[in-house]
Amino acid sequence: MSLEQEISKRRTFGIISHPDAGKTTLTEKLLLFGGAIQKAGAVKSSKIKDHARSDWMEIEKQRGISVATSVMGFHYKDVKVNLLDTPGHQDFAEDTYRTLTAVDSVIMVIDCVKGVETQTEKLMEVCRMRSTPVLCFINKLDREGRDPFDLLDEIEEKLTINVRPLSWPISMGKTFKGVYSLYEKKLQLFTPSKTTVEEGIEIADIHSPELDQLVGENYAQQLRADVELIEGVYPEFEVTDYLAGKVAPVFFGSAVNNFGVKELLDTFIRIAPPPIPRATTVREVKPSEEKFSGFVFKIHANMDPKHRNRIAFIRVCSGEFERGNNYYHVRQQKSLRFSNATAFMAQDRETVDEAWPGDIVGLYDTGNLKIGDTLTEGEKMIYTGIPSFSPEIFKEVVNKDAMKTKQLEKGLQQLMEEGVAQLFTYELGKRKVVGTVGALQFEVIQFRLKNEYGATVEFLPQNIFKACWISSTDEKKLHEFIASKQRHIARDKEDKLVFMAESKAWLQMVQDNFPEIKFHFTSEFKD
Ligand code: G4P
């Protein structure tokens, strides 16, 4: 098969949702369709439930599960689907942000009872930044949920994206009758079922009396009124708008009942984008270019603390990856040979000899690779669009065992390379402050430093609102700013200048007082 053919049959995507909306259930159903698993219940949830907050075995176990389910590849019809898992727990949102840099599109799951929840809003922001195409699945229609029109309005309002329903529910909860596909003009009658999928009933004209017979007169009337309203309110669905990240097509269903999932998957493989060109520091790279290139979006430390080898997850962006080849590590400016590469098919890891754009390969690494690194066949370019975001919680690291200072340094560095959290080192006094998205990471860091590196630390809460990367076109002004705010200036892992703002109001004041300085909430920015 030619490179072009390999590319055109790949769909690499992630599922995002607020915890409990049904991501794991939907993943499992998709894998069942893909034949990647044989029975329900085979996909372990990758979420860490609240009660496991200080249960370390649970966290360690989850780390194991999350490597196994990090990437689930399967074939469906003629398509190779690569589903990238994202952690459900909001404390691990930074992991999810990074995984979203490696996908070409996203399926967003929303609980019809709860509507749009906070976590979904944040994740959608990341998708919007990258204009990632989003397909929306409104789940749990077997429950008494909110009015579908209200749900659509809420999505448009809270997630700032236009929506276009491609299917429509007939009632909900106890009286849920089914879903009508506006696209294919087919009626899917609801039968609570966990395995079988009924073929839809073709109803080209919803005014046909057949509809009344199938769902009852009242519900048929309601559907006709709803469809009329939809056709009047929402413009025709244009695939190009979806691909540009401007419109999210919406489907309704019930993942646990395997209802509406096949329609979602069938539409997904038809309209979702294959790998597309990606930006680097030098130029845009097309997937169809002969030469291999890719970037690291995730690092997973080995479960065995005695052997510090890790798995780096590489998203192939162009050309063909071949096991055993030497590739150029752009940041370190050296050639590396990867004889041990892993592909991910469902939950099995297997050695891979070749991989194509859109695929993810796992490379065993002893500490050369970190998140954001680019591998090429020699070209000096670095994939962009893999920024760090300002953390939400900040704490100073205090070393409690002076004898283990070296181990602590090493442990911190390696955990940060894995992307567990972000480290900021103050210019004054070299104080080290760790920033995370959630409180749980501090417990994870403390535990892993002790367990894997023998270092003991304590964390001191800091009064910091945001870490802002700073820049200015006026070097002199930048120096003046740094001099006047010395106590609040730190460096990130790449030595970039960061202003640690104590509060929203104070940041606003500083911004007003220093109009020549630009404050950025992500580490990647254009001046
Ligand atoms: P998550 O990964 O997004 O966190 O959600 P997950 O799939 O684990 O689903 C959360 C809960 O919602 C699960 O129930 C799951 O069975 C249920 N669920 C998923 N889809 C539907 C649906 O279409 N209808 C209804 N009524 N429930 C659904 P649980 O009780 O937390 O777990 P379990 O014991 O059922 O596994």
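In this predicted model, Phe 442 and Phe 459 are both buried. The two residues form an aromatic pair of the edge-to-face kind, with a centre-to-centre distance of 5.0 Å and an angle of 70° between the planes. Because Phe 442 belongs to helix H12 (residues 440-453) and Phe 459 to strand E27 (residues 457-461), the pair ties together parts that are 17 residues apart in sequence.

Altogether, the structure holds 21 aromatic pairs. Among them is the pair of Tyr 97 and Phe 389, whose ring centres are 5.0 Å apart and whose planes stand at 65°, so that this pair too is edge-to-face, given that planes over 60 degrees apart are assigned to that class. Distant parts of the chain are linked by this pair, since Tyr 97 is located in helix H4 (residues 93-100) whereas Phe 389 is found in the loop between strand E23 (374-376) and strand E24 (393-399), at a separation of 292 residues. Tyr 97 has a relative accessibility of 9% and therefore counts as buried, and Phe 389, with a relative accessible area of 13%, is likewise buried; the threshold in both cases is a relative accessible area under 20%. Ring pairs also join Phe 481, Phe 499, Trp 506, Phe 514 and Phe 519 into a cluster.

With regard to the cysteines, zero disulfides are present in the structure. Cys 112 is buried, its relative accessible area being 0%, and Cys 317 is buried as well, with a value of 3%.

The ligand is surrounded by 17 residues, of which Asp 20, Lys 23, Thr 24, Thr 25 and Ser 254 are the closest. By residue class, this shell divides into four nonpolar, seven polar and six charged residues, and its largest share, amounting to three residues, is contributed by helix H2 (residues 23-33). A polar side-chain atom of Thr 24 is placed 2.4 Å from a ligand oxygen atom, while a polar backbone atom of Asp 20 lies 2.6 Å from an oxygen atom of the ligand. For Ser 17, an N or O atom of the side chain is found 3.4 Å from an oxygen atom of the ligand. Taken alone, the ligand exposes 700 Å², and 67% of that area is buried by the protein.

Terms used:
Residues numbered from 1 in each chain as written. Predicted model: local features only at pLDDT ≥ 70, side-chain atom pairs only at ≥ 80, totals over all residues. Heavy atoms only, no water. Near = heavy atom within 4 Å. Polar contact = N/O pair within 3.5 Å; in protein donor to acceptor, adjacent residues only side chain to side chain. Areas by Shrake-Rupley, 256 points an atom, 1.4 Å probe, with all protein chains shown as cover. Helix = DSSP H or I, 4+ residues; strand = E, 2+ residues; numbered from the N terminus. Nonpolar A, V, L, I, M, F, W, Y, C, P; charged D, E, K, R; others polar. Disulfide = S-S within 2.5 Å. Buried < 20%, exposed > 50% of the residue type's maximum accessible area, 1.4 Å probe, protein only. Phe/Tyr/Trp six-rings, centres within 6.5 Å; stacked < 30°, edge-to-face > 60°.
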